[in-house]
Amino acid sequence: MSNSLGALSEADICQLMSLIESLEHSTFDFLQLEIGDLKVTIGKGDGPFPADVPASGNATRPGATPPQAAAVVSQMPATAAPAPRQATSAAVPPDGTSEVTAPFLGIFYAQSEPGAPPFVTVGSQVDEGTTVALIEVMKTFNAVPAGKRGTIAEVCVQNAQMVEFAQVLFRILPA
């Protein structure tokens, strides 16, 4: 495969743009992934990128501007992507609940498989490690822990809905 984006569909390019946007709002410096023969590195600012990224690649690396994510598409060995952030709790809303937010962009699933009961519903008791949902990213399902002990007060998204990084998924009334 060549180093051009011409072989990618419009949907593929939209997914890459979503990954770039998510990276810009994350604490990661770069992300590497492999999709078939295509290897992609997405990084912020002037680097540092991993040593195996060709220095002369077709990256668009901003200079003195604020860090922005740029994609490098090349033929290189795939390496593991950084571990995703854990679900976080935002500031406590006025109603006293804590928010469970999406640790990354992806598709939200309320149950482990079609037809199965949801992980949690309004009124469910949860502990810090209780899985409250799955988020699918690139055909990989990632568990989202509650992060807090308490009772589910609100489910803020629908099953199979695309969620953004840091989007509120649940509100938990602390125990």
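Guide: Let us begin with a term: two strands pair if DSSP finds at least two bridges between them. Please keep in mind that this is a predicted model. Here strand 7, residues 131-137, and strand 8 run antiparallel and are joined by six bridges. Within these two strands, glutamate 136 stands opposite phenylalanine 141 of strand 8.

Visitor: Are the residues on the two faces of strand 4 buried or exposed?

Guide: To answer, one needs a cut-off: buried means under 20% relative accessible area. In strand 4 (residues 98-101), Ser98 and Val100 on one side are buried, and so are Glu99 and Thr101 on the other, which leaves both faces covered.

Visitor: How is a pair of aromatic rings described?

Guide: Such a pair is described by the distance of the centres and the angle of the planes. The structure holds two aromatic pairs. In one of them, the rings of phenylalanine 108 and phenylalanine 170 have centres 5.9 Å apart and planes at 55°, so the pair is tilted. Phenylalanine 108 belongs to strand 5 (residues 106-109) and phenylalanine 170 to strand 11, so the pair ties together parts that are 62 residues apart in sequence. Phenylalanine 108 is buried, at a relative accessible area of 0%, and phenylalanine 170 is buried as well, at 2%.

Visitor: What can be said of the rings of tyrosine 109 and phenylalanine 141?

Guide: Their centres lie 5.7 Å apart and their planes stand at 50°, so this pair is tilted. It links distant parts of the chain, with tyrosine 109 in strand 5 and phenylalanine 141 in strand 8, 32 residues apart. Phenylalanine 141 counts as partly exposed, at 48% relative accessibility.

Visitor: How many salt bridges does a search of the whole structure find?

Guide: The search finds two. Arginine 171 forms a salt bridge with glutamate 99, with the closest N and O atoms 3.3 Å apart. Because arginine 171 lies in strand 11 and glutamate 99 in strand 4, the pair ties together parts that are 72 residues apart in sequence. Arginine 171 is partly exposed at 21% relative accessibility, whereas glutamate 99 is buried at 12%.

Visitor: Where does glutamate 154 lie, and how far apart are the closest N and O atoms in its salt bridge with arginine 171?

Guide: The closest N and O atoms of arginine 171 and glutamate 154 are 2.9 Å apart. Glutamate 154 lies in strand 9 (residues 150-155) and arginine 171 in strand 11, so this pair ties together parts 17 residues apart in sequence. At 35% relative accessibility, glutamate 154 counts as partly exposed. Through shared partners, the salt bridges join Glu99, Glu154 and Arg171 into one network.

How values were computed:
Residues numbered from 1 in each chain as written. Predicted model: local features only at pLDDT ≥ 70, side-chain atom pairs only at ≥ 80, totals over all residues. Heavy atoms only, no water. Buried < 20%, exposed > 50% of the residue type's maximum accessible area, 1.4 Å probe, protein only. Helix = DSSP H or I, 4+ residues; strand = E, 2+ residues; numbered from the N terminus. Phe/Tyr/Trp six-rings, centres within 6.5 Å; stacked < 30°, edge-to-face > 60°. Salt bridge = Lys/Arg side-chain N within 4 Å of Asp/Glu carboxyl O.
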